[in-house]
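Here is a short briefing on one model. Please keep the sequence and the coordinates open while reading.

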Amino acid sequence: MPRDIYPVPADFAVNTRVNREQYQALYKQSLDDPDGFWAGVAERLEWMKTPTKIKNTSFDLADFRIRWYEDGELNVSVNCLDRHLESRGDKTALIFEPDSPDTPAERISYRELHRRVCKLANALRALGIGKGDRVTIYLPMIPEAAIAMLACARIGAVHMVVFGGFAANSIADRVSDSGSKLIITADEGLRGGRKVKLKVNVDAALKLPGTNTVETVLVVRHTGAAVDMQMPRDRWYDAVVDGQPEACEPERMNAEDPLFILYTSGSTGKPKGVLHTTGGYLVYVSYTHETIFDLREDDVYWCTADVGWVTGHSYIVYGPLANGATSLIFEGVPNYPDMSRFWQVVDKHEVTTFYTAPTAIRALMREGEGPVKATSRKSLRLLGSVGEPINPEAWRWYHDVVGEGRCPIVDTWWQTENGGILISPLPGATDLKPGCATNPFFGVKPAIVDTNGNFIEGEGSGNLVITDSWPSQSRSIYGDHQRFIDTYFKTYPGTYFTGDGCRRDADGDYWITGRVDDVINVSGHRIGTAEVESALVSHDKVAEAAVVGFPHDLKGQGIYVYVTLIAGEVASDELRVELIRHVRAEIGPIASIDHLQWAPGLPKTRSGKIMRRILRKIAENAPDQLGDTSTLADPSVVDSLVKERYIPE
Ligand code: WT7
């Protein structure tokens, strides 16, 4: 491993939120005295009742509990809006950059955002939504997405955002599991000039079983397309919001009251409704946002994620707005109308802090330096990466070409279940290594274990666990607390198991190596192999399917599927296309199969368990690394799969 180190730039080392000495001292303090440390951090928020009990947590299964600030009371929307009105009322809270550069951008001040949130919150109350009710949000990346989240928070409703790339079935599963009473959607979304038929998808979802908890669908007029309105269920958003009063009494929420549910894929079964609560979540996301992005008052901060993912929740909406920052919401895609779009937006709005995913960097890198060099980017001072391991070549290109060698990169590792960033450099404190997430944030205790659960000290590799609680940790899986315990706290007792592999180098820095379970990370999005398998076998010609990830130049990982047809069905290219289309229709465009291989048989143990290890190696085009195949019921199936494997050009 070459010593490839990028030291803290001189200006960051002095003029920063946290320098190297402060990082070490604060990290130590956060572990030595978590109560004192997190009581201090909590003062950054406005509490209706100041918490006196700070940390009350145990990962011990006999005495399991995760409670932070449990006697505190606050309202998230008050912290993100009302609190800033006096000092920052006219400051821009949100910049909205539409899909097309020809559509004017919108700047929404804190005062205006407060007004719009209060009006929607009043409308929701008028429609019978109150504390604890679940509300589904299925919107494009438009200001209403943030407004809807904040309006729910204001009245204590629990929001559940569904990414616009999910199809009717996925919406229905989530609506039904969460028992949502109301859905906020739009006529259509726009992405790269293409229309996304959101209302049509909602209509189809609500025809599916289990969704009859939904009483109201609010429809934002976005593209102005004609949509079916089913009265009295469907209501135009503007019609119910326009006449509402501009003030709205915020609900008093306990710190441990739910704030939102967000579904994410696991290694087995249906997606899990990850539940996040109020106090600890907001403390942690605002503090990490300020510290890791070295926030300054005049920053223009842009995270390119979608609010349908946790990154959008924590680092487009809640963290930045709790900090009174200016946060940019971008509706479009990096390559529309051309490959310079990201950098044109940076120049147009003088973005200082830019946070994106490695998959976007790799796609842009492929187009060469031209589209980047065509723009100035002189406003940029800090770059961030999230969602998957960033390969060193992409890191260097991001650093040298996009940031012109001037901007540190914070490679932030975390997960939906974590609520906020757990491992990341601090730009004023950490020397950077391309591809390395480096150090734990304050209060975070990472450890590496081998498959027997023994802790690995010093240099070494294994599975990443976290040995103590942090404030923004998920509290449960909605409706299935036992699954929460089983999934995260049973594998290595006494710890939270991340599902990621990890290496600690000689300097003590952490390198995340990717998932070690049956979760595939496609372009920074988690997809469970089990979900794709069940979508495949729901097709009447499919007898059996096995799904694995394989290395993909742009997406990080691609989806590789093995399909066994029902006896008598004949494999054909038409059927392959049909099955790929079927999975996209079942789950959504985010589940796009990259390679489908016909499998006359699948490698199984004598007890009938599919040996994915072997399928993964075949998909990786590494047939010489299959390992021991002697325990297979029929070792000959492997030979035919190897022979027919997909070999990338
Ligand atoms: C998985 C979590 C919350 C971030 C958005 C994705 C991978 C995330 C990094 C990183 C290496 C990363 C992990 C993790 N991941 N960030 N900086 N370096 N891997 O959230 O959908 O819950 O996925 O994304 O494998 O387990 P998510």
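This is a predicted model: local features need pLDDT of at least 70, side-chain atom pairs count only at pLDDT 80 or more; totals for chains, interfaces and linings use all residues.

The model scores are ipTM 0.99 and pTM 0.97.

**Confidence**

**Ser 109 and its surroundings**
- Ser 109 belongs to strand 5, which covers residues 106-109.
- Ser 109 has 18 C-beta neighbours inside 10 Å, so Ser 109 counts as partly exposed. A buried residue would need 20 or more, and an exposed one 12 or fewer.
- Beyond the neighbours within four places in sequence, Ser 109 contacts Gly 89, Asp 90, Lys 91, Thr 92 and Ala 93.
- Leu 81 lies 28 residues from Ser 109 along the chain. Their C-alpha atoms are 9.9 Å apart.

- An open sheet is built from four strands, ordered 21-22-24-25. The pairing is antiparallel.
- Its edges are strand 21 (446-449) and strand 25 (510-515). Each of these edge strands pairs on one side only.
- From one strand to the next, the twist averages 45 degrees.

**Strands 22 and 24**
- Strand 22 spans residues 460-466, and strand 24 spans residues 496-504.
- Six bridges join strand 22 and strand 24 in the antiparallel sense.
- Which residue of strand 24 is the bridge partner of Asn 463? The partner is Gly 501.

Note on methods. Residues are numbered from 1 along each chain as its sequence is written. Helices (H or I, at least four residues) and strands (E, at least two) are DSSP runs, numbered from the N terminus. Two residues are in contact if their C-beta atoms, placed from the backbone, lie within 7 Å. Two strands pair if DSSP finds at least two bridges between them. Axes are lines fitted to C-alpha atoms, for helices over the stretch in contact, and angles run from 0 to 180 degrees between N-to-C directions.
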